[in-house]
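User: Could you walk me through reading the sheets and helix packing in a model like this one?

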Amino acid sequence: MKYKSVFDIIGPVMIGPSSSHTAGAARIGRVARSLFSREPKWVEISLYGSFAKTYKGHGTDVAIVGGILDFDTFDTRIIQSLELAKQKGIAVRFIEEDAITDHPNTARIKMGDENGDLELVGISIGGGKIEIIELNGFKLKLSGHHPAILVVHNDKYGTIASVSNVLAKHQINIGHMEVSRKEKGKMALMTIEVDQNIEDDILKEISQLPNITRVTKIVE
C-alpha cells in the first residue's frame, strides 16, 4: 500500500486506540450503512484474524457498530454505540471466526430489515484505510475514501460504455473502476470511484440507461 502523505501513516482523527482496529473498523461499518441506505433492524458481524482476537480490547466492536449507526471516526458516541444500537432496537451479534483470510483485519457484515438485506466484506489495511472486497457475493475493490457509485446492471454489451459516457459528458473523472460478475450474461456490478461527488440528477440519468438495475452513491 502506498501512502500519499504523512497523515496517511499517522491515521485519522478518531476515537479509540488503533487506527486499523478502530478507525478502519468504523469506516467499514459506515460504508455498509451507506450501501444499505437506511438503519438496519439486525446486524451480524463476523470477525477474522486479529479482529477476532482483539476486538473487545481495541474497540473494534463499538467502532463497527458506530459506523453502522453512521458515526464518523471522531464521533464520541462511538464509545456508547452498542448501547445506542440496543436503544434503537437493533439486534447486534458478533461471531469470532477461526477461518484464515487473506488479511488479518477482516470483517463480514450482514445486516437487514423487513425490506431487504446486505452482506459486505471489508478489510482494514492500516492508518484508518480500508478496502471493501465483497458485496452481496460480488468481488470488488472499494476504498471508501473517495466518492463512488455502485452500478448493478445486466451483463450486456455497451452497458459499461454508456455509464462512462454519462460521466464524461458531465466532466466527472474516473479514478478507479472495476466490473464484477457472477456469471456471464447475468447480473454484474460496476464499482466506480470518482474525483468529486456526483449529483442526484446524474445518478438518475445513469439509472435510466438500458440494462441498469440499481445505482448507489457513496459520499466521501
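User: What does the chain average in pLDDT?

Analyst: pLDDT is the predictor's confidence in each residue, from 0 to 100. Here the chain averages 88, and 90% of the residues score at least 70. Where pLDDT is low, the predicted coordinates should not be read in detail. That applies to a stretch here: residues 1-17 stay under 50.

User: What is the strand order in the open sheet of 6 strands?

Analyst: Strands (E, at least two residues) and helices (H or I, at least four) are DSSP runs, numbered from the N terminus. Two strands pair if DSSP finds at least two bridges between them. The order is β2-β1-β3-β4-β5-β6, and the pairing is mixed. β2 (91-96) and β6 (138-142) are at the edges with a single partner strand each, so one side of each has no neighbour in the sheet. On average, neighbouring strands are turned by 20° against each other, direction ignored.

User: How many bridges join β1 to β2?

Analyst: There are 6, and β1 (residues 42-48) runs parallel to β2. As an example, Val 43 has Val 92 in β2 as its bridge partner. Helix α4 (residues 60-68) packs on this sheet and touches β1, β2 and β3 (105-113), with its direction at about 140° to that of β1. Contact means heavy atoms within 4.5 Å, and angles run from 0 to 180 degrees between N-to-C directions, with axes fitted to C-alpha atoms, for helices over the stretch in contact.

User: Which strands are at the edges of the other sheet?

Analyst: That open sheet has 4 strands in the order β8-β9-β7-β10, with antiparallel pairing. Its edges are β8 (174-181) and β10 (212-218), each pairing on one side only. From one strand to the next, the twist averages 15°. β8 and β9 (residues 187-194) run antiparallel, joined by 7 bridges; Val 179 stands opposite Met 190 in β9.

User: At what angle do α6 and α7 pack?

Analyst: Two packed helices are described by the angle between their axes and the distance between the axes. For α6 (residues 159-169) and α7 (residues 200-207), that's about 155° and 10 Å. α6 and α7 are therefore roughly antiparallel (under 35 degrees is roughly parallel, over 145 roughly antiparallel, 65 to 115 roughly perpendicular, the rest oblique). In α6, Val 163, Val 166, Leu 167 and Lys 169 meet Ile 202, Glu 205 and Ile 206 in α7. α7 also lies across β7 (148-154) and β10, at about 160° to β10.

Technical notes. Residues are numbered from 1 along each chain as its sequence is written. This is a predicted model: local features need pLDDT of at least 70, side-chain atom pairs count only at pLDDT 80 or more; totals for chains, interfaces and linings use all residues. Side-chain values use heavy atoms; hydrogens and water are left out.
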